[in-house]
Amino acid sequence: MAILVVAEHDQHKLRPATLCVVTAAMRIGGEITLLVAGKDCSAVAQAAARVPGVKRVLHADAPHYEHGLAEDLAPLIVRAAASMTHVLAPATTFGKNVLPRVAALLDVAQISDVMRVESADTFVRPIYAGNALATVQSSDAIKVLTVRATGFDAAPDAGGNAAVEALEAAPPSGLSTFERQELTKSERPELTAAKIIVSGGRGVGSAENFKIIDALADRLGAAVGASRAAVDAGFVPNDYQVGQTGKIVAPDLYIAIGISGAIQHLAGMKDSKVIVAINKDPEAPIFEVADYGLVADLFQAVPELTAALDKPA
Amino acid sequence: MKILVPIKRVVDANVRVRVKSDRTGVELANIKMAMNPFCEIAVEEAIRLQEAGAAKEIVAVSVGGPQCQDILRTALAMGADRAILVETDGETQPLGVAKALQTIAAREKPDLIILGKQAIDDDNNQTGQMLAALLGWAQGTFASKVERAEGGLRVTREVDGGLETLMLKLPAVVTTDLRLNEPRYVKLPNIMKARKKPLEVLKAADLGVDLTPRLKVLKVDEPAARVGGIKVESVPDLVHRLRNEKKVI
C-alpha cells in the first residue's frame with residue numbers, strides 16, 4: 001500500500017486536520033507520503049517530515065500554489081498519485097474543493113467524509129446528514145478519500161524523520177486567479193480543533209447579543225460556533241457555522257445556546273463528548289441529544305453561567 | 001451567456017429518514033421527494049443572472065429516473081427556459097453523473113454551469129468539481145456571491161477561514177452554498193406555463209455514458225443513538241455537574 005496525503009497548511013504551519021488524516025492513513029497501513037504544495041512553504045515541508053509514520057515528503061513550491069487553487073493543484077496531485085494506491089485529504093473546504101477534481105482526472109470515485117477505516121478498500125461514511133452510516137467498498141485502482149478530522153485522533157507532530165524531496169511544479173493553469181480573502185480574525189481556538197465550543201443560534205437575536213456568547217467562550221477558552229439560522233441572520237460570519245454543510249465538530253464540551261436543534265445542525269455536533277443546551281423552549285429538539293439541558297432565558301442564564309465559572313468549585 | 005443548471009431529486013429536507021431493517025439503505029417508499037435545496041439555489045442564481053441581462057438561456061438538466069421530470073418542471077416553473085432529463089434506472093454516483101453532464105455540456109455548449117455544492121442525500125460534494133475536471137474548466141465551489149466581470153466571473157467562496165474571492169475564466173463551473181440567494185416560491189401561473197416549456201428525455205444508454213457505480217454499498221447502519229440526558233434546574237447545578245460528573249471544565 002502506498003498512501004499519498006495531501007497536506008493542508010497556511011504556508012507556515014500544517015493545519016491540525018492534516019495530522020488526523022495521517023492517522024487515517026496509518027489505519028489503512030502502508031508507506032505514507034505527504035504532499036506539501038505552496039509558496040515559500042519549506043517550513044511546512046520540514047514540519048511534515050517530523051510527523052511520525054510519514055516516510056517521505058514531496059515539496060512543490062511555486063507562486064501559483066499559494067492559495068490552493070484546485071485547477072493548479074489537481075494536476076500536481078495526479079502526477080504524485082501515479083504510483084499510489086490511496087490519495088487522502090482532509091474533508092475541509094480545501095480538501096472538498098480539490099480532491100474530487102483529482103478523482104475525476106484519475107477516473108476513479110471519491111469517498112467523501114470517511115469517519116472509519118474498515119480495510120484498505122472499505123470505509124464508513126455518513127449519509128443523510130449523519131442519520132445513516134454507509135459502509136462502502138471501492139473497486140478502483142486508486143482510492144481517493146476525504147477524511148473527517150473528528151473521526152481520527154491527530155498524529156503527533158514530532159519524532160519522525162522523513163526525507164523531503166522536491167517535486168517539480170506544473171505550469172499555472174491560467175483558469176482561475178485568486179483575488180482576495182476576508183478571513184475571520186480571532187484569538188480563540190480554531191472551531192474544528194477546540195476542546196470546548198460555545199454556539200449561538202437564532203435565539204441569541206442579534207450580532208450585538210452575541211457578545212454574551214463571546215464572553216462565556218472567552219471565560220472557557222472556547223471557540224465560538226453558530227447555527228445556520230444565526231449565520232443567515234448575519235449575527236456572525238459564515239465560517240462559524242456548525243452543521244451538515246458547515247463545520248463538523250466533536251469537542252469535549254459543546255454548549256448550544258438558543259439553538260433549537262434542526263437535524264442539519266445536529267449532524268455537525270452530535271459526536272461531541274458532552275452536550276449542554278440552554279433554551280427557553282422545553283420542547284426544542286436539541287434537548288434530545290443534550291447531556292444537560294437547562295430550560296431558561298439565555299439572556300439571564302448565560303451571564304450567570306459566565307459569572308459562576310469565576311467562583312471556585 | 002448560456003447557463004446549464006444540473007439538478008437532483010432527493011428526499012425532502014424536512015423528512016427524517018430511517019434506515020431499512022435489512023440495512024441495505026434508507027426507507028424511500030412513500031417518502032416526500034423534492035429538488036435538492038442547493039440545486040434550487042443554483043436555479044435561482046441562473047434566473048437572477050438572466051434577469052440582470054447577463055444570461056440569455058437557462059437549461060435545467062437532471063440525471064436519474066423518470067420521476068426527475070417533477071423537479072425539472074419545478075425548475076421550468078421557477079424560470080428555466082427548457083429542460084433535459086438523462087434517464088437511467090440504475091443507481092447514480094457522482095463520477096457517472098459528471099460524465100453524463102459532460103456529454104450534455106458538449107451538446108449544449110454553455111458558458112456557465114451552476115449546480116448545488118452537495119446533495120442532501122449522499123452528502124458527497126463531488127459532482128461539480130468532477131465535471132469541471134472532465135471539461136478542463138475553472139471551478140468556483142461553495143459560492144456565496146457570483147458576479148459577471150470583465151474577463152470572466154468573479155466568485156466569492158465560503159471557506160473554513162471566512163471568504164475567498166476568485167476570478168474564473170469562462171466557461172466555468174460554479175457550485176452554490178447556502179447564502180448565495182434565497183430561492184423564489186413558484187407561482188401557480190408559472191406552473192401552468194412550465195407545462196408548455198420543452199422537456200427533452202434522453203436515454204443515458206443512447207448517450208454512451210458509463211454510469212456504472214464504482215462504489216459498492218455493503219451496508220447502511222443507524223448511527224449510535226445518543227442517550228438523552230437530564231434537565232438541570234439551575235446554573236449552579238449545571239456548573240457543579242460539568243465540574244464533578246463530566247469533569248470537562
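Trainee: Leaving aside neighbours within four places in sequence, which residues is A:Leu4 in contact with?
Mentor: They are A:Thr33, A:Leu35, A:Leu58, A:Ile77, A:Ala80, A:Ala81, A:Met84, A:His86, A:Val87 and A:Leu88, with contact meaning heavy atoms within 4.5 Å. Keep in mind that this is a predicted model, where local features need pLDDT of at least 70, side-chain atom pairs count only at pLDDT 80 or more, and totals for chains, interfaces and linings use all residues. Residues are numbered from 1 along each chain as its sequence is written, chains are lettered from A and ligands numbered from 1 in the order in which they are written, and side-chain values use heavy atoms, with hydrogens and water left out.

Trainee: Thanks! New topic: how many salt bridges are there between chain A and chain B?
Mentor: The count is 6, a salt bridge being a side-chain nitrogen of Lys or Arg within 4 Å of a carboxyl oxygen of Asp or Glu.

Trainee: Which side chain meets B:Arg214 in a salt bridge?
Mentor: That of A:Asp140, at 2.9 Å, N to O.

Trainee: What about the area buried between chain A and chain B?
Mentor: About 6900 Å², with carbon and sulfur atoms giving 53%. Buried area is the accessible area (1.4 Å probe) that two parts lose on being put together, summed over both.

Trainee: Last one: how many residue pairs are in polar contact across that interface?
Mentor: The rule finds 49, both residues at pLDDT 80 or more. A polar contact is a pair of N or O atoms within 3.5 Å; within protein, one must be able to donate a hydrogen and the other to accept it, and residues adjacent in sequence count only if both atoms are side-chain atoms.
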